[in-house]
Amino acid sequence: MLNRRHIRIKVMQSIYAMHQHQSDQLDKEEKFLFQSIENTQDLYLLLLSALVEIKKKEELYIDLASKKHLATKEERNPSLKFVHNKVLMAFANSAALENALEERKIKNWQQNDDIILYLIESIKASALYERYMSNATSSFEDDRNFLADLYTEVIAPSEKLYDYLEDHKLTWLDDLPGINTLILKQIKQLKSERDVVVIPEVYKDEDDKEFVKNLFRKTVLNEVELSKEYIDKTPNWDVERIAELDTIILKMAICELLKFPSIPTKVTINEYLEIAKEYSTPKSSIFINGILDNLVKEFEKDKRLTKSGRGLL
C-alpha cells in the first residue's frame, strides 16, 4: 500500500520528531514509526468503509421514508440507482473489506454516523449526483466514473470529514493525500461486477518493511558523520540557519547514497527533491539539489559510490 516515497516521508517525520523532543530512545521512536505506518492501513479502511456506510444509510433512509404514513409518491417509489451503483455494491459485498474491518476493529462510523449523514447531504446537493440520477440506467463504466468523480469532488475535500480525521488521529493528515489517491485508483481499476475488491497489505513486500528500519536506524545512528559530508559544502548558506528539515533530508539522502547500494543514485536524488518541494521551504529543493549534485561527483571521484543489485536492472 505504501510506496517508497511515503516510507521516506514517514522516516523523515519520525527523525524530525526525535529532534523536537530531544529524544535518544531509538527503540521507542522506531516503535512509534512502525505504529504510524500501520495506522495508514486503518485510515485506508476507514475511508473505504465510508463508501459502504453511505450506501447503507441511504438504503435505510429510503426504506423508512417509503413506510411513512403520509409518504409522497416519490418516497413510495424511490429511485434506487444510487444505492444500486455497481461499484458501491462491489465494496459493500467485499468479504475482504469486511474481514479487514473486523480484524482491525474499525467501527468508527457506527459511533459517528453524523459524518456519514453529512456526506450524504453533500452528495445529494452536488451537481454530479443530480446528473447521475437524471438517467434511469447506467453501465458499469458510468457507475465507476460517477463514484470516482464523487470521491474526488465531494467526499475527499469534505471539511467535516477532514476535521473528524484530524481530531481522531493527527498523524493521519499527512497520510490523507496518499490514501485518497490509493482509493481513487482502486475505484478506477474495477472493470466489471465480477472484479474482486482486494485489500492491499501495508507493505508491498518484506524488503519495504526492512527498508523502513534500515533507513531510520542508519540515518539516526550516523547523523554526526552524515552531517560532516555537507557541512563545509555550503559556502553561500549560513549553516546555523539551514532549515532543520533540510538537514534531515540531506542526511537521509546521503545515507541512501552511501549505505543502500541497490537504490540507484538518480532515484535517491529525485525522491528527496520531491519531498523537499512538498515539505520544506520554497528554496529547499534548489539548495539540496546543489549539495547532492556536488556530493555525488565527489563520491564517484573517491569511489565511495558503489551501486549494485536488483534496483539497477
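Q: What share of the contacts in the chain between residues at least 6 apart in sequence join residues at least 24 apart?
A: Contact means heavy atoms within 4.5 Å. Among contacts in this chain between residues at least 6 apart in sequence, 83% join residues at least 24 apart. The model is predicted, so local features need pLDDT of at least 70 and side-chain atom pairs count only at pLDDT 80 or more, while totals for chains, interfaces and linings use all residues. Residues are numbered from 1 along each chain as its sequence is written, and side-chain values use heavy atoms, with hydrogens and water left out.

Q: How many helices and how many strands does the chain have?
A: Helices (H or I, at least four residues) and strands (E, at least two) are DSSP runs, numbered from the N terminus. This chain has 16 helices and zero strands. Its C-alpha atoms fill a box of roughly 80 × 40 × 35 Å, taken along the principal axes.

Q: What percentage of the residues count as buried?
A: Buried means under 20% relative accessible area, exposed means over 50%, and partly exposed is in between, with a 1.4 Å probe and protein chains only. Of the 313 residues in the chain, 47% count as buried. N180, in helix α11 (residues 172-189), has 14% relative accessibility and so counts as buried. Y162, in helix α10 (residues 159-168), is partly exposed because its relative accessible area is 38%. L64 belongs to helix α2 and is exposed, with a relative accessible area of 51%.

Q: How do the axes of α2 and α9 cross, and which residues make the contact?
A: Axes are lines fitted to C-alpha atoms, for helices over the stretch in contact, and angles run from 0 to 180 degrees between N-to-C directions. Angles under 35 degrees count as roughly parallel, over 145 as roughly antiparallel, 65 to 115 as roughly perpendicular and the rest as oblique. For helix α2 (residues 26-66) and helix α9 (residues 140-155), the axes come within 13 Å and cross at roughly 105°. The two helices are therefore roughly perpendicular to each other. L47, L51 and I54 of α2 make the contact with L147, Y151 and I155 of α9.

Q: How do the residues of that contact divide by class?
A: Ala, Val, Leu, Ile, Met, Phe, Trp, Tyr, Cys and Pro count as nonpolar, Asp, Glu, Lys and Arg as charged, and the others, Gly among them, as polar. The contact of α2 with α9 has six nonpolar, no polar and no charged residues.

Q: At what angle do α7 and α9 cross?
A: The axes of helix α7 (residues 113-124) and α9 come within 10 Å and cross at roughly 110°. That angle makes α7 roughly perpendicular to α9. The contact is made by L119, S122 and I123 of α7 and L150, V154 and I155 of α9. By class, these residues are five nonpolar, one polar and no charged.

Q: Which residues line the largest cavity?
A: On a 1 Å grid over the protein atoms alone, a cavity is a set of points where a 1.4 Å probe fits but cannot get out, and a pocket is an open set with protein on both sides within 12 Å along at least five of seven lines; lining residues have an atom within 4 Å of a point. Grid points are joined across faces, edges and corners, and a volume is the space filled by probe spheres set on the points. Here the count is one cavity of 30 Å³ or more, and the largest cavity holds about 40 Å³. Its lining is L47, Y151, I155, A156, L161, Y162, L165, L176 and N180. α10 gives the most to this lining, with three residues. The lining has eight nonpolar, one polar and no charged residues.

Q: Which element supplies the largest share of the lining of the second largest pocket?
A: The largest share, eight residues, comes from α11. This pocket has about 360 Å³ of space. Of its 18 lining residues, the closest to its centre are N3, H6, P177, G178 and I179. By class, the lining has seven nonpolar, five polar and six charged residues.
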